[in-house]
Amino acid sequence: MTILLPTPKNIEGASQILQKGGVVAFATETVYGLGCDTFNLDAIEQIYALKGRPKNNPTIAHILDASWAHELTEYWNEQCDQLAKAFWPGALTLVLPKKERVPKEACGGRNTIAIRSPSHIVARQLLESFGSAISAPSANKSGYISPTTAKHVEDEFGEKLQIIDGGACEEGIESTVLSLISTPTILRPGTISEADITKIIGKVSLTNPCEQNDSPGTTALHYSPHTATILLTEKEMNELNDGDCVAITMNGAPKKAKVQIQMPVDPKEYGTQLYSSLREADAIGAKQIVIENPPSTRGWSAVLDRLNRCASNL
Ligand code: TXA
Ligand code: MG
């Protein structure tokens, strides 16, 4: 049995796997994670091997709350406290200088570590039972679409991996990654927006993830379906006349498509459904996936970021 209900017995079983240096997948509110003991080098290696992930792409250490941060980070200041109070548990990841004792391998060879306290009950129960930090990248093969259901994880990793099911992820898009190494800088947009963070700590910088190298997991060619994928305007979508493509639409209506997947017009709801829709579209095996580009307004920045990179496979 690979997909397990989050009963106390199964949580305890998953925690024992982690203690023995193994790997388990589990639900978070953003996407499913592929977790292991942050302090176990062999386990970290297994995660990179399973995902086919480049060794220089660091992983996020998940913690129960801010009181666990001192195990991992060199310091924890007033600004960290304010951010944790405002957004934890939740979808904000903080990058800070790592403590000497944290293996570099868990941080892609860096001197910094990304930490986040997830809000999903499954992730929290697992952390509580394990009692120490769990490093967990998204539970997908490197470069492919992140998983938002236990079935998505099973589809990629098969039945050997234990997956603690927590239902469909409520957020559906990975956490916002905020570096506090120098000027606070958003390395990866997420549902916690620049405006949300600015309200708490003042102005933050934004990087162009396609151009920067501070967060290697945010370079181009990520979150990509195997099927060639392009973005279209609403007008272009209305003119689409192609019986061998999957159209992921919002306001537009193609003249002809093999399959049409209708997305919500609200950015949060769109984000929740995005990865499921991309996986569904990819599974159809059409010649092409065409996606109607949402508006370029602030509320859409996390979705646009993922769409722009998922469509860079042309
Ligand atoms: O919502 C999430 O963040 C999910 C769930 C499972 O928590 N996790 C996730 O992990 O998306 P992953 O490994 O797929 O993405 C982690 C991102 C990558 O872009 C990585 O480069 C960046 O965080 N990151 C991790 N550690 C970092 C560090 N020390 N410095 C800069 N970026 C870092
Ligand atoms: Mg990922």
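## Helices α1 and α4

A crossing is left-handed if the near helix is turned anticlockwise from the far one by less than a right angle, and right-handed if clockwise. In this predicted model, α1 passes α4 in a right-handed crossing.

The axes of α1 (residues 8–19) and α4 (residues 121–130) come within 9 Å, crossing at roughly 55°. That makes α1 oblique to α4. On the α1 side, the contact uses Ile11, Glu12, Ala14, Ser15, Leu18 and Gln19, and these meet Val122, Gln125, Leu126, Ser129 and Phe130 of α4. Sorted by class, the residues of this contact come out as six nonpolar, four polar and one charged.

## Helices α8 and α9

Now for the other helix pair. Here the axes of α8 (residues 267–283) and α9 (residues 301–310) come within 10 Å and cross at roughly 25°. Angles under 35 degrees count as roughly parallel, so α8 and α9 are roughly parallel to each other. Their crossing is left-handed.

From α8, the contact draws on Pro267, Tyr270, Gly271, Leu274, Tyr275 and Leu278, while α9 brings Val303, Arg306, Leu307 and Cys310. The class tally for α8 with α9 is eight nonpolar, one polar and one charged.

## Around ligand 1

Ligand 1 has 27 residues surrounding it, and the closest are Thr30, Arg53, His62, Ser175 and Arg188.

Methods: Residues are numbered from 1 along each chain as its sequence is written. Chains are lettered from A and ligands numbered from 1 in the order in which they are written. This is a predicted model: local features need pLDDT of at least 70, side-chain atom pairs count only at pLDDT 80 or more; totals for chains, interfaces and linings use all residues. Side-chain values use heavy atoms; hydrogens and water are left out. Axes are lines fitted to C-alpha atoms, for helices over the stretch in contact, and angles run from 0 to 180 degrees between N-to-C directions. Helices (H or I, at least four residues) and strands (E, at least two) are DSSP runs, numbered from the N terminus. Angles under 35 degrees count as roughly parallel, over 145 as roughly antiparallel, 65 to 115 as roughly perpendicular and the rest as oblique. Contact means heavy atoms within 4.5 Å. Ala, Val, Leu, Ile, Met, Phe, Trp, Tyr, Cys and Pro count as nonpolar, Asp, Glu, Lys and Arg as charged, and the others, Gly among them, as polar. A residue is near a molecule or strand if one of its heavy atoms lies within 4 Å of it.
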